[in-house]
Amino acid sequence: MTEVAASPALEFIAKTVAEHPVVLFMKGVPDQPRCGFSSVAVQILDHLGVEFVGVDVLQDDELRQGIKTFTDWPTIPQLYVKGEFLGGSDIVREMFQSGELKTLLIEQGVISA
Ligand SMILES: N[C@@H](CCC(=O)N[C@@H](CS)C(=O)NCC(=O)O)C(=O)O
Ligand code: FES
């Protein structure tokens, strides 16, 4: 067994990003983000018409710490598309502004052109 599968939180994260095309690990829920950084990511996904699963890391400290270990990224939010980590709010915002995010989501079949 790999280290990644060793904790329930890490197993939950692996399963969630494998099962859902777009997952945002965030503070709060999409309808009520509890941090400005998470809110930025939600607004961009909503603007692009992306259906996504929001996972509220504030519900579980194992999850809040686990997502940092899983991704090897120190902060929240964290956006996953097709099981791949894309970035936090800065990267997501930059990719949105350059048009790269929309292109990627179309290529991945997450939104239509
Ligand atoms: N520059 C970051 C902003 C996100 C950030 O700084 N998040 C902090 C405050 S919400 C964080 O997750 N800290 C660790 C924690 O709260 O567990 C990004 O691009 O996503
Ligand atoms: S919760 Fe304070 S900056 Fe995100």
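## Packing of helix 2 against helix 4

In this predicted model, the axes of helix 2 (residues 36-47) and helix 4 come within 9 Å of one another and cross at roughly 30°. Because angles under 35 degrees count as roughly parallel, helix 2 is described as roughly parallel to helix 4. The crossing in which helix 2 passes helix 4 is left-handed.

On the side of helix 2, the residues that take part are F37, V40, I44 and H47, and they meet S89, V92, R93 and F96 in helix 4. By class, the residues of this contact divide into five nonpolar, two polar and one charged.

## S89 in the contact

S89, which lies in helix 4, is one of the residues that meet helix 2. With a relative accessible area of 7%, S89 is buried, because the cut-off for that class is under 20%. When residues up to four places away in sequence are not counted, S89 touches F37, V40 and P77; of these, F37 and V40 belong to helix 2 and are listed among the residues that meet helix 4.

## Salt bridges

How many salt bridges does the structure hold? There are two.

One of the salt bridges joins the side chains of D90 and R93, with an N to O distance of 3.6 Å. D90 and R93 are three residues apart in helix 4, which means that about one helical turn separates them. D90 is partly exposed, its relative accessible area being 45%, and R93 also counts as partly exposed, at 32% relative accessibility.

## Q97 in helix 4

Q97 also has its place in helix 4, which spans residues 89-98. Is Q97 buried or exposed? At 57% relative accessibility, Q97 counts as exposed, because the cut-off for that class is over 50%. Relative to F70, Q97 is 27 residues away in sequence, and the C-alpha to C-alpha separation in space is 27 Å.

Methods:
Residues numbered from 1 in each chain as written. Chains lettered and ligands numbered in written order. Predicted model: local features only at pLDDT ≥ 70, side-chain atom pairs only at ≥ 80, totals over all residues. Heavy atoms only, no water. Helix = DSSP H or I, 4+ residues; strand = E, 2+ residues; numbered from the N terminus. Buried < 20%, exposed > 50% of the residue type's maximum accessible area, 1.4 Å probe, protein only. Salt bridge = Lys/Arg side-chain N within 4 Å of Asp/Glu carboxyl O. Axes fitted to C-alpha atoms, helices over the stretch in contact; angles between N-to-C directions. Parallel < 35°, antiparallel > 145°, perpendicular 65-115°, else oblique. Left-handed = near helix turned anticlockwise from the far one by under 90°. Contact = heavy atoms within 4.5 Å. Nonpolar A, V, L, I, M, F, W, Y, C, P; charged D, E, K, R; others polar.
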